[in-house]
Amino acid sequence: MARKILVIDDDPIIVKYLLTLFEDNGYETRSAGTGLEGMEILKKETPHLITLDLQMPDEWGSRFYRKIRKDPKLKNIPIIVITGLDGRHAVKNARAVIRKPFDPKDLIRVVTEAIGPAAE
């Protein structure tokens, strides 16, 4: 069974790029354009990893991150922040913070280190 990644980003171009990158590397994917959509998905299923944009219209990623970390069911899911913003912006203990633009090989390396290869 393939490992599942939830991509949360409000930029449809970035979402499409990340979904394609992860799927081409064998991962199963889900996506959400807002933090609210992301929470709805998390109520139904638990991914192996989340990628999270910080600057989103309905809720900043750092606030969404803190909500996840307070939920006992979700708090251990590795989160990779993918952002165009400088600094960590109150996101402490994220698995990684990757700045846009990024090298896709670096992102896949970080994902693999966090959750292993797509299928085990």
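Contact, as the word is used in these legends, means heavy atoms within 4.5 Å. This is a predicted model, in which local features need pLDDT of at least 70 and side-chain atom pairs count only at pLDDT 80 or more, whereas totals for chains, interfaces and linings use all residues. Residues are numbered from 1 along each chain as its sequence is written, and side-chain values use heavy atoms, with hydrogens and water left out.

**View 1. The protein chain as a whole, with four helices and five strands.** Helices (H or I, at least four residues) and strands (E, at least two) are DSSP runs, numbered from the N terminus, and along the sequence they follow the pattern β-α-β-α-β-α-β-β-α. The radius of gyration, taken over C-alpha atoms, is 13 Å for the protein chain, close to the 14 Å that the globule rule gives for 120 residues, so the chain is as compact as a globular protein of that length; the rule itself is 2.2 Å times the number of residues to the power 0.38. Of the contacts in the protein chain with a separation of 6 or more, 65% are between residues 24 or more positions apart. Of the 120 residues, 48% count as buried, a term that means under 20% relative accessible area, while exposed means over 50% and partly exposed lies in between (1.4 Å probe, protein chains only).

**View 2. Lysine 43 in helix H2, which covers residues 35-44.** Lysine 43 counts as exposed because its relative accessibility is 61%. Its side chain makes a polar contact with the side chain of glutamate 40, at 3.1 Å; such a contact is a pair of N or O atoms within 3.5 Å, where within protein one must be able to donate a hydrogen and the other to accept it, and residues adjacent in sequence count only if both atoms are side-chain atoms. Lysine 73 is 30 residues apart from lysine 43 along the chain, and the C-alpha atoms of the two are separated by 9.7 Å.

**View 3. Aspartate 53 in the loop between strand E3 (49-52) and helix H3 (61-70).** With a relative accessibility of 4%, aspartate 53 counts as buried. When its neighbours within four places in sequence are left aside, aspartate 53 is in contact with Ile8, Asp9, Asp10, Gly61, Ile82, Thr83 and Lys100.

**View 4. The cis peptide bond that joins lysine 100 and proline 101.** The omega angle of this bond is about -10°. Proline 101 belongs to the loop between strand E5 (96-99) and helix H4 (104-115), and lysine 100 is one of the residues in contact with aspartate 53.
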